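Work through the exercises below with the sequence and the structure open. Try each task before reading its solution.

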There are 2 protein chains.
Amino acid sequence: MAKNLTTREEDYSKWYNELVIKADLAENSGVRGCMVIKPYGYAIWERMQAELDRMFKETGHQNAYFPLFIPKSYFSKEASHVDGFAKECAVVTHYRLKNAEDGSGVIVDPDAKLEEELIVRPTSETIIWDTYRKWIQSYRDLPLLINQWANVVRWEMRTRLFLRTTEFLWQEGHTAHATKDEAIAEAEQMMNVYSDFAENYMAIPVIKGTKTESERFAGALETYCIEALMQDGKALQAGTSHFLGQNFAKAFDVKFTSKEGILDYVWATSWGVSTRLMGALVMTHSDDNGLVLPPNLAPDQVVIVPIYRKDEELEAVDKVAKDLMKQLRSKGIRVKYDDRDTHKPGWKFNEYELKGVPIRIAIGPKDVEKGTVELARRDTLQKEFINNENVVEKVVSLMDEIQDNLYKKAVSHRAENTTEVASYEEFKKVLDSKGGFILAHWDGTTETEEKIKNETKATIRCIPLDGSIEAGVCMVTGNPSARKVLFARAY
Amino acid sequence: MAKNLTTREEDYSKWYNELVIKADLAENSGVRGCMVIKPYGYAIWERMQAELDRMFKETGHQNAYFPLFIPKSYFSKEASHVDGFAKECAVVTHYRLKNAEDGSGVIVDPDAKLEEELIVRPTSETIIWDTYRKWIQSYRDLPLLINQWANVVRWEMRTRLFLRTTEFLWQEGHTAHATKDEAIAEAEQMMNVYSDFAENYMAIPVIKGTKTESERFAGALETYCIEALMQDGKALQAGTSHFLGQNFAKAFDVKFTSKEGILDYVWATSWGVSTRLMGALVMTHSDDNGLVLPPNLAPDQVVIVPIYRKDEELEAVDKVAKDLMKQLRSKGIRVKYDDRDTHKPGWKFNEYELKGVPIRIAIGPKDVEKGTVELARRDTLQKEFINNENVVEKVVSLMDEIQDNLYKKAVSHRAENTTEVASYEEFKKVLDSKGGFILAHWDGTTETEEKIKNETKATIRCIPLDGSIEAGVCMVTGNPSARKVLFARAY
Ligand SMILES: [Zn+2]
Ligand SMILES: [Zn+2]
C-alpha cells in the first residue's frame, strides 16, 4: 500500500508538495509560478465556491464582473495601495505579435505599443471604485454589496502550489456604504462568514482578530482576519476583510447625497478568500496516507468498490452496489461507484485513501452471501462490517461524525500548540521547540513588532477579538500592553 | 412610461446598445474594449453557466483550470493556430513597476523584462495540450473530457458590449480521444448540447451545421456551429465545436499506447460558448419597451409590486403579497417582492418591464377586497385579474407558456426571414431588401465564397446538417453544387 509519500515527520514541506501532486489536486505548469488546477482539485474548489457564494447571497450580495486589466495610472490614485500592489505585477505593454522577418517565429510588434500600460489585476479596488463613481449618486444607491469571482496575478518570486502562486483564483467583495458604522459592520460580518465557512465546511478552527498597522491591507484602516494553525505549527491566514474608510472614495471621487441632502464620500470595505484555502485544507487534515477531506467538501463522500474474480460474482455484487448507490443518492450523499475492470481493488483502495474520500465501501461475494458490506472511514482508518439494512443510516450519521471528528482533532491540535508566554526568552524557546500559536504581551509599536520579526521570523498574526484581555507589560520592552496578541511563524 | 429607448425600427444597433446599458446588463469600463458586467447581467450569465455546467457534467465532463498566460513560443507550435490567434493579443513583457525618479508616478521597471513574453490567453489549446502530454500515456487515460470556465482576451479594434469585447468570459472544452470517430462524435455531441441549450433555455432556434474551410477555427479539421437569426435579419454564431484531428497532439507530442500496444497521437476536440450569448439573448427576444427574458433564464421570474397610499392599506397588501411569494417559492419559482418605499409603483412597473421580468403581479387594496391580483405578462404585455386561489397554478403554467411563446415567435420570425434563392441577382436583392438567412447553391470553392463576401458582405454561415440536400448549380459560377448552403450578413 506504499504511496511513496514522504511522511510529515520526515519533511512536512515535501509531504505537502508531493501530496498536492499525487492526489491530483494541482501541478506546476509550463508558465513560471502559475499552476494547473486538476479536475479533482477543482471539484473541491467548486464546492467551496458554491457554499461561499450561497453565504454571500444570503447576506445580500450580488455577483458582477470587472475588467482583468487596470490602467497603470489608476494605481497611483491611492498612495498606500500603489506601494502595496503595483510593484510585483504583470504588465501588458503591447497588443500585437507579428512574424519575424527572418522567419524565426513570432515577435512582439513594436508598432503595437500601448499608450498607457495595463496591469493584470492583483486586486480590483481601483477599477471597481472607478466604476462605482458612475453607480453611486444618492443614499438610495447604498449599500452597494458586490462580489466578484476572478483570477488575479501577483508576481511572486518563490511560489508553492495553492499557497503562493503567481496567478490564483479568488473572490473579492467590494461594498459601499453611507456610514462608517455600516461599513465596519459589513467588514465584521464578512469575517464572521469566513469563520463560519472555515469551521463548518472546512472543519478548520480559526482565530478571529484584527491585523496590526504594519500587516494591514494596503489602503485599509482596519484589516480583520481569520488565522488557522497547520499541523507543522505554522499559521495560515485563511481570509481577510478590510474596512477601507473613505480612502478609495476620495481617490476615485465617489460621493453620495444623504437623506438629509448632504454630499459626502462613501465608506468602503473589501474582503476575499482564495485558492489558498485549498492549501489550508490539505495541511490541516491530511496524513501520511494522503488527503483527508471533510464530508461537507468532498467531491465524492462515499466510494463503492466491487470485489470479484468471476463474472457471476460481479453480477451479484453489482446488483447490491447499484442498489446501495441509489439509496445513498436519494439521501443526498455524493457516491462514486468504481467498477472499472482496468484496475484491481487494492489499487482502488490505495487511490481513494490518497484522495481522501471520507467513506469507502467494499462489497465482495462473501458480503453478498452474508448481507453485509465492509465500511472503512478515511479519518480514523477504522473498518467494520455493516448489515445491508443499516448501511444507509450508518453512512448518513458518519457524514456528521467524520466532519465533527476532523474539526475536534484540529481544535485539540491547536489547543496543544497554543502557548502563553511571559518573557521574550520563553517566546523564542517555544517558537523553536514546538512552534504553534504564541500569546504574548506587546507594546503596540511597529518598532517592537519589527524587532521580533527580524529576530525570530514570527509575526503578529492578529490581535484576537475573543479571549482574555488582561493587561500586562511587553515581553520585549517592558512597556504597557493592553492584552496579549497572537504570534506565529506563518505561511 | 417612456424609457427613452431608441426603437428597433429607428436604429436597431443603437436600440441594442442603449438597452444593454439601461437594463443594467453591462457597460463600458475605463479600459479600452473591456466591459463591466453589472449584477443583473451577471445573474443571467450565472443561470446560463449553471445550466451549461450541468449539461457538461451529465455528458461526463469535469472542470479544471489552466494558466491565464501562455508563453509566446507555444503559439508557434501549431502553424495555422498562430496565424489565427497570436496576432491581436495582449502581451505581458514586464513583471514590475517602480517609482519614477522624477516623482511623476509609477513606471515600468526596465530591469524587470521577461526573457520570454507571455500572451494573455485568447483560447487555451496550446497551454492545455502542453499539459495533456503529461497526463496521457495509455488508452486508460482516455477519453479525457475537460472543461474550463475562464476569461480570455482578444485585442479587438471595434468592440460592442457582449458581442465583441477585448476581454470576455467563456467556457472552453478540451477533450482527448483514442480514435478519430470518438473525437468526431464528441464534437457533434457538444454541438447538440449547445443547440439544446439555445433552444430550451434561451428560447432561440438555431441551425446546426459545419463551417466552410475558410471559416473554420484556426487549427481545426471541422468546425461545427449553431447559427441564430437576430430580429434585424443578421445572423449570430452562438457556439462552435471543433474536431481538431491530431494537429495539437502532433504539435505538443501527445501520444498514447493503445490496448493493442501501438503508439499513436491522440485525437482532439475543443468547443466553446461565451458572454456573446448575452447579446444573442437580448437581440432575439427584446422589444421597444426593454428586455424580454425567457423564464428559464430570468433571475427573477415574477416580481410582486404592492400598491397602497396609507399604511393600513400596506399592511393588508403586504400580507397577501408575502403569502403569495411563499407559495410561489415553494413551487421553485424565483420571486422578487419589491416593497421599497423609495420608488412609486409606476416607476417599478417601468423598471421591471425594462428588465424583462416575465410576470409582474400588482396587488392593491381593491384587489385585497376582491381576493384578486393583477397579473401582467412581459412577452405579450397582456394584463388580467386572477383570483387568489388560482394565481400559483396560473404562474406555474405561464412559465412554460411564456418560454414556448418566445421560442415559437423566434421560429416564425426565422421562417419569415429565410429565403431560398435561385440566382445571384435574387440573392443580392433579398439580402438588401429583407436580409435574413438565404439558402443558395455554391460550388464549394473558397474563391467563390470570397467573391460573394467581397461583393455583398454576406458569408456562408454554415453547411446545414439538416434540411434538403437537393443538388444544383452554383448561383455565381454555374458549377455543380451538392446542396444549398446558408448565407447571411452576420454579427
Ligand atoms: Zn496535535
Ligand atoms: Zn418577424
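The model is predicted, so local features need pLDDT of at least 70 and side-chain atom pairs count only at pLDDT 80 or more, while totals for chains, interfaces and linings use all residues. Residues are numbered from 1 along each chain as its sequence is written, chains are lettered from A and ligands numbered from 1 in the order in which they are written, and side-chain values use heavy atoms, with hydrogens and water left out.

**Exercise 1.** Describe the interface of chain B and chain A.

Step 1. Take the residues in contact (heavy atoms within 4.5 Å). Chain B gives 67 residues and chain A gives 67 residues.

Step 2. Find the buried area, the accessible area (1.4 Å probe) that two parts lose on being put together, summed over both. Between chain B and chain A this is about 5,400 Å², and carbon and sulfur atoms give 64% of that area.

Step 3. Look for salt bridges (a side-chain nitrogen of Lys or Arg within 4 Å of a carboxyl oxygen of Asp or Glu). The rule finds 6 across this interface. One of them joins B:Glu27 to A:Lys134, with the closest N and O atoms 3.9 Å apart.

**Exercise 2.** Trace the sheet that has the order β4(A)-β8(A)-β5(A)-β5(B)-β8(B)-β4(B), then examine a sheet of chain B.

Step 1. Helices (H or I, at least four residues) and strands (E, at least two) are DSSP runs, numbered from the N terminus. Two strands pair if DSSP finds at least two bridges between them.

Step 2. The sheet is open, with 6 strands and antiparallel pairing. Its edge strands are β4 (69-71) of chain A and β4 (69-71) of chain B, each pairing on one side only.

Step 3. Where the chains meet, 3 bridges join β5 (residues 91-94) of chain A to β5 (residues 91-94) of chain B. Here A:His94 stands opposite B:Val91.

Step 4. Within chain B, 3 bridges link β4(B) to β8 (residues 113-120), again antiparallel. B:Phe69 has B:Val120 as its bridge partner.

Step 5. B:Ile304 is partnered by B:Tyr337 in β18(B).
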